[in-house]
Amino acid sequence: MTRAGIASLLKGKAARRAAALALLMWTAAVAAALTYPELTGRIVDQANIISPVVRDSIETKLADLEAKSGIQLVVATVRSLEGQEIEPYANGLVRTWKLGQKEKNNGVLLLVAPNEHRVRIEVGYGLEGTLTDALSKVIISNAIAPRFKARDFSDGIRRGVDDIITVLTTDASEWQARPALRIDKEPGFDPKLVLVLVFLLIFIFMFLWLPPVHRLLEAGLPQRHRRSRSYDSDSDSSSSSSSSWSSSDSSSSSDSSDSFSGGGGSSGGGGASGSW
């Protein structure tokens, strides 16, 4: 390498260090001017937008995530960003709370500011290669923002937490193949459903308004077979009902918030922001 090349490399490193130092000083100045909420648990719902049932369910998932991986994922909602952009606010909050292990910097913050219609996923240094800026943006755009637009903050936060945990705990080859993580459309009309409804209407018309067809079909179907099909239908209905009840949320409340605290981690500004 020539002297000019070495000099250029040194200048580049110096510039990056200067930029990082400037960011650190700016974040420290912003943090000193703000009043952050106290870290009282894995969920700090200052804006009071998360339902008790969803809160209990999420707290259990967050505690399990930390117990199995050491990753500290915290959800926070604030009444106001105090005139700041959400990016420096979230970064300062992670540094103030010291989320993640000190030696790994594996903390993640999901921050929601409903009054400003802003949301951010702030990622610690050690997880930036896994929960990338691009993936964080996808989670916000597909799982969180559509539900926030519908004023369903609890479900948006729940879905966001689920997708963050999915990315953090599964191999890239697994979650990249999951379309639900990348394409989560808002509810709408399904052309296939319309087609099914059309065939259903035709079927009803045939049986109600074409008595000869009805009698012909009845004559060709033995009574015993018809009775058997009726019993099978009742059995399927009962099984479906049972499955619906068994899939209901049975998560219990977590008591881990009483002793929860940050582990000394930090963040360098990785993550993504969004609005609705």
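Trainee: Is Ser267 buried or exposed?
Mentor: Ser267 is buried, with a relative accessible area of 0%. Keep in mind that this is a predicted model.

Trainee: Where is Ser267 found?
Mentor: Ser267 sits in the loop between α10 (223-246) and β5.

Trainee: And what does Ser267 touch, leaving out residues up to four places away in sequence?
Mentor: Ser267 touches Asn91, Val94 and Arg95, and also Glu122, Val123, Gly124 and Tyr125.

Trainee: How many residues of β4 are buried?
Mentor: Five of the six, so to speak: β4 is mostly covered.

Trainee: What about the pairing of β4 with β3, parallel or antiparallel?
Mentor: Antiparallel, over six bridges, with β4 covering residues 118-123. Val108 stands opposite Val123 in β4, and Ala113 stands opposite Arg118.

Trainee: How many residues lie between the strands in that hairpin of β3 and β4?
Mentor: Four residues lie between them, and in this hairpin His117 takes a positive phi near 55°.

Trainee: Back to β3 itself. How many of its residues are buried?
Mentor: Seven of the seven residues of β3 are buried, so the strand is largely enclosed by the rest of the structure.

Trainee: Which residues of β3 point which way?
Mentor: Gly107, Leu109, Leu111 and Ala113 point one way, while Val108, Leu110 and Val112 point the other way, and all are buried. In a regular strand the side chains alternate between the two faces of the sheet.

Trainee: And β2, how does β2 run relative to β3, parallel or antiparallel?
Mentor: β2 (residues 72-77) and β3 run parallel, joined by six bridges. Val75 has Leu110 as its bridge partner in β3. The chain goes from β2 through α3 to β3, and this β-α-β crossover is right-handed.

Trainee: There's a glycine in the loop between α3 and β3. Which one is it?
Mentor: Gly100 is found in that loop, between α3 (86-97) and β3 (107-113). Gly100 is buried, with a relative accessible area of 0%.

Trainee: What does Gly100 touch, not counting residues up to four places away?
Mentor: Gln72, Asn106 and Gly107, along with Gly263, Gly264 and Gly265. Gly100 and Gly124 are 24 residues apart in sequence, and their C-alpha atoms are 7.4 Å apart in space. Gly124 also turned up among the residues that Ser267 touches.

Trainee: Switching topic: how many aromatic pairs are there in the whole structure?
Mentor: A search finds four aromatic pairs. Take Phe148 and Trp276: their ring centres are 4.8 Å apart and their planes are at 70°, so the pair is edge-to-face. This pair links distant parts of the chain, as Phe148 is in helix α4 and Trp276 is in the segment after β5 (270-275), 128 residues apart. Both Phe148 and Trp276 are buried.

Trainee: Which other residue forms an aromatic pair with Trp276?
Mentor: Phe153 does, with 6.0 Å centre to centre and 70° between the planes, and this pair is edge-to-face. Phe153 is in helix α5 (residues 153-169), 123 residues apart from Trp276. Phe148, Phe153 and Trp276 are linked by ring pairs into a cluster.

Trainee: Tell me about α4, then. How many residues does α4 have, and what does it span?
Mentor: α4 (residues 133-149) has 17 residues and reaches 22 Å from its first C-alpha to its last, close to the 24 Å expected at 1.5 Å a residue.

Trainee: Where does α4 bend?
Mentor: At Ser141, by about 35°. Just after α4, Arg151 takes a positive phi of about 65°.

Trainee: And which residues of α4 are buried?
Mentor: Among them are Leu135, Ile139, Ile140, Ile144 and Phe148.

Trainee: Last one, for the overall picture: how many helices and strands are in the protein?
Mentor: There are 10 helices and five strands. Buried residues make up 36% of the 276 residues. Of the contacts with a separation of 6 or more, 73% come from residues 24 or more positions apart.

Note on methods: Residues numbered from 1 in each chain as written. Predicted model: local features only at pLDDT ≥ 70, side-chain atom pairs only at ≥ 80, totals over all residues. Heavy atoms only, no water. Helix = DSSP H or I, 4+ residues; strand = E, 2+ residues; numbered from the N terminus. Expected span 1.5 Å × (residues − 1). Bend = angle between axes of the 7 residues up to and from the residue. Buried < 20%, exposed > 50% of the residue type's maximum accessible area, 1.4 Å probe, protein only. Contact = heavy atoms within 4.5 Å. Pairing = 2+ DSSP bridges. Right-handed = clockwise from strand over helix to strand, strands pointing away. Phe/Tyr/Trp six-rings, centres within 6.5 Å; stacked < 30°, edge-to-face > 60°.
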